[in-house]
Amino acid sequence: MFKIVKRQEMSEGTVILNEIEAPLIAKKAKPGQFVIMKANETGERIPLTMADADPEKGTITVIYMVVGKTTALFKTLKEGDAYQDVIGPLGKATHLEKQGTVVCVGGGTGIAVLHPITRGLKEIGNRVITILGARNKDLLILEDHMRAVSDELYVTTDDGSYGRHGLVTDALRDIMEKEDVKQVVAIGPVPMMKFVSLLTKEFNVPTMVSLNPIMVDGTGMCGGCRVSVGGTTQFACVDGPEFDGHQVDYDELMKRLAAYCEEEKECYNEFCTLEQA
Ligand code: FES
């Protein structure tokens with residue numbers, strides 16, 4: 001069992017942080033890697049990229065948004081409760097390189113995934129410019145954490161309730177036009193990663209994205225996580241989760257992510273009804 005030692009609700013309870021006792025995973029975890037978690041014996045397994053790992057304390061931190069039955073079930077777990085299974089670290093670690101000026105772009109809970117990568121890029125001597133995007137001020141997470149590991153930080157919100165009114169690509173275009181950017185890292189909703197990649201392609205700047213397709217085993221056996229990258233089939237769980245953003249077939253990924261939408265909605269509604277009863 002994997003005990004929750006800290007639980008924090010963010011964004012009006014729609015985004016939850018869990019720090020979990022997992023000493024063996026914490027010892028090996030590197031930026032960019034993920035775990036697969038299950039709340040109980042009959043629960044669904046879901047992949048979550050680690051936002052942090054503390055080998056001294058023997059804990060890992062994950063941040064998830066409540067979007068369906070499984071994340072709603074996770075939300076019912078309090079401090080002191082435990083997950084039945086946490087498997088990891090899985091996937092390839094981020095390749096961190098000193099390049100000069102790099103831009104890290106994060107959206108939604110992708111900001112949690114971006115945090116250890118941004119910190120790693122800064123630690124090895126890059127000048128890090130960070131852009132965080134959210135639909136509104138309440139949905140923005142980890143601004144202070146990200147500011148602490150960035151040389152400059154910009155925020156955009158879709159509704160203008162905080163920072164610049166607009167999309168992360170608006171802020172990114174301004175930076176690309178005046179800075180000698182060597183690399184962009186973009187992690188967030190698939191449409192965000194798609195449009196960041198289209199923009200950076202115009203400027204011919206290498207771009208890394210982290211994909212979170214549907215996963216089952218997380219070890220390269222089921223094929224559930226397959227994505228098309230540069231015309232080849234890749235398994236996000238073992239070949240990724242990070243890929244060259246200019247090569248990813250985002251439209252196919254969005255279609256595959258929506259494949260079980262109706263069933264997911266039904267399960268979630270059923271779970272909410274049972275919880276309220
Ligand atoms: S999750 Fe099964 S192959 Fe990747």
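Which residue in β17 does Met208 stand opposite? Asp244. Some notes on the rest follow.

1. Ground rules: this is a predicted model, with local features needing pLDDT of at least 70, side-chain atom pairs counting only at pLDDT 80 or more, and totals for chains, interfaces and linings using all residues. Residues are numbered from 1 along each chain as its sequence is written, and side-chain values use heavy atoms, leaving out hydrogens and water.

2. The sheet is open, with seven strands in the order β12-β11-β10-β9-β13-β14-β17 and mixed pairing. Strands here are DSSP E runs of at least two residues, helices H or I runs of at least four, both numbered from the N terminus; two strands pair if DSSP finds at least two bridges between them. At the edges sit β12 (164-165) and β17 (242-244), each pairing on one side only. β17 pairs with β14 (residues 207-210) in the antiparallel sense, over three bridges.

3. Now the cores, meaning sets of buried Ala, Val, Leu, Ile, Met, Phe, Trp, Tyr and Cys residues joined through side-chain atoms within 4.5 Å. Buried is under 20% relative accessible area, exposed over 50%, partly exposed in between (1.4 Å probe, protein chains only). The largest nonpolar core has 33 residues, and Val103, Val105 and Ile131 are among those with the most contacts inside it. Another core, of 26 residues, lies apart from it and includes Val128 and Ile141.

4. Cysteines: Cys237 counts as buried because its relative accessibility is 2%, while Cys222, at 41%, counts as partly exposed. The whole structure has zero disulfides (pairs of cysteine sulfur atoms within 2.5 Å).
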